[in-house]
Amino acid sequence: MSLLARPALRWPALIGLWALAGAVLWILLVQVFLLALNPFCHLRRPGLSRVEVVSVDRNADSQITDFVTARRGEETRVLTLGKAEAAELREHDEVWILDAWYADNLRPTQFLLTPLRILLEYPILLLLPVAFGLWRVRKARQAADAEPPPPVRRTFTDDFHLRAQRFAKPEAGDSPGAKASPSDDPGPPPAGSGA
């Protein structure tokens, strides 16, 4: 039987998977709500690119972002990265850049590519492992329900000792002939006798 088929593991797995799905949907709802309230926001096409850093310039108008001039092939573009990420970059570094799916004047438009950043920008990707986990739990339960029930365990008692007591020595008060058999019992006297 699979581990996920056991109720002790199946229920916590289901609760965890549904909680993760609820958290992802909540994050998406908050992102869409913030986008709807921001008049300067516009949608962008997300993307990945490997670029060579040309220069890192400070953005005097923002406390959150800095400008990074990068080159990809012959094309040069100005990226808006967070100050901490921009401070890590040096001239001639080659890095992978993740483009956000929306841009506004408040947050970075590009990020250094890391697994955590992918999950923060695109939390909907977490729904793929959630769906796979729910499918595995369902399959494990179906397999457990389809299996025949375990066989009934029969316990056989050892009667060797019971049979061996026939040959045991009699107890101290008993003699071999003292015990009368039921055929030796004379019973009540006949009714027609003179006694």
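**Entry 1: Thr69**

I began with Thr69, which touches Glu52, Val53, Val54, Ser55, Asp57, Thr76, Arg77 and Val78 when residues up to four places away in sequence are not counted; contact here means heavy atoms within 4.5 Å. The model is a predicted one, in which local features need pLDDT of at least 70 and side-chain atom pairs count only at pLDDT 80 or more, while totals for chains, interfaces and linings use all residues. I noted too that residues are numbered from 1 along each chain as its sequence is written, and that side-chain values use heavy atoms, with hydrogens and water left out.

I placed Thr69 in strand 3; strands are DSSP runs of E with at least two residues, helices are runs of H or I with at least four, and both are numbered from the N terminus. Is Thr69 buried or exposed? At 15% relative accessibility Thr69 counts as buried, since buried means under 20% relative accessible area, exposed over 50% and partly exposed in between, with a 1.4 Å probe and protein chains only. I also looked up Thr80, eleven residues from Thr69 along the chain, and found their C-alpha atoms separated by 8.9 Å.

I then traced the open sheet, whose five strands come in the order 4-3-2-5-7 with antiparallel pairing; two strands pair if DSSP finds at least two bridges between them. Strand 4 and strand 7 (110–112) stand at the edges with a single partner strand each, so one side of each has no neighbour in the sheet. Direction ignored, neighbouring strands of this sheet are turned by 50° against each other on average.

Going through the pairs, I found eight bridges between strand 3 and strand 4, in the antiparallel sense, with Arg72 standing opposite Glu75 in strand 4. These two strands form a hairpin with two residues between them, and Gly73 in the turn has a positive phi of about 70°. Strand 2 and strand 3 pair antiparallel over five bridges, and Val53 has Ala70 in strand 3 as its bridge partner. Strand 2 also runs antiparallel to strand 5, joined to it by six bridges, and there Arg50 has Trp96 as its bridge partner.

I looked next at Ser49 in strand 2, which is buried with a relative accessible area of 2%. Ser49 touches Arg72, Arg77, Val95, Trp96 and Ile97, again not counting residues up to four places away in sequence.

Which residues make up the largest nonpolar core? I listed eleven residues in all: Val51, Val53, Val68, Ala70, Leu79, Leu81, Ala86, Leu89, Val95, Ile97 and Leu112. Such a core is a set of buried Ala, Val, Leu, Ile, Met, Phe, Trp, Tyr and Cys residues joined through side-chain atoms within 4.5 Å. Two or more residues each come from strand 2 (47–57), strand 3 (65–72), strand 4 (75–82) and strand 5 (94–99). Leu89 touches Val53, Val56, Val68, Leu81, Val95 and Leu112, not counting residues up to four places away in sequence.

**Entry 2: the helix pair**

Last, I checked helix 1 (residues 7–37) against helix 4 (residues 127–146), which pack at an angle of about 155° with their axes 10 Å apart. Helix 1 and helix 4 are therefore roughly antiparallel to each other, a label used for angles over 145 degrees. Among the residues that meet across this pair, I noted Leu14, Leu17 and Trp18 in helix 1, and Val130, Leu134 and Val137 in helix 4.

How values were computed
Axes fitted to C-alpha atoms, helices over the stretch in contact; angles between N-to-C directions. Parallel < 35°, antiparallel > 145°, perpendicular 65-115°, else oblique.
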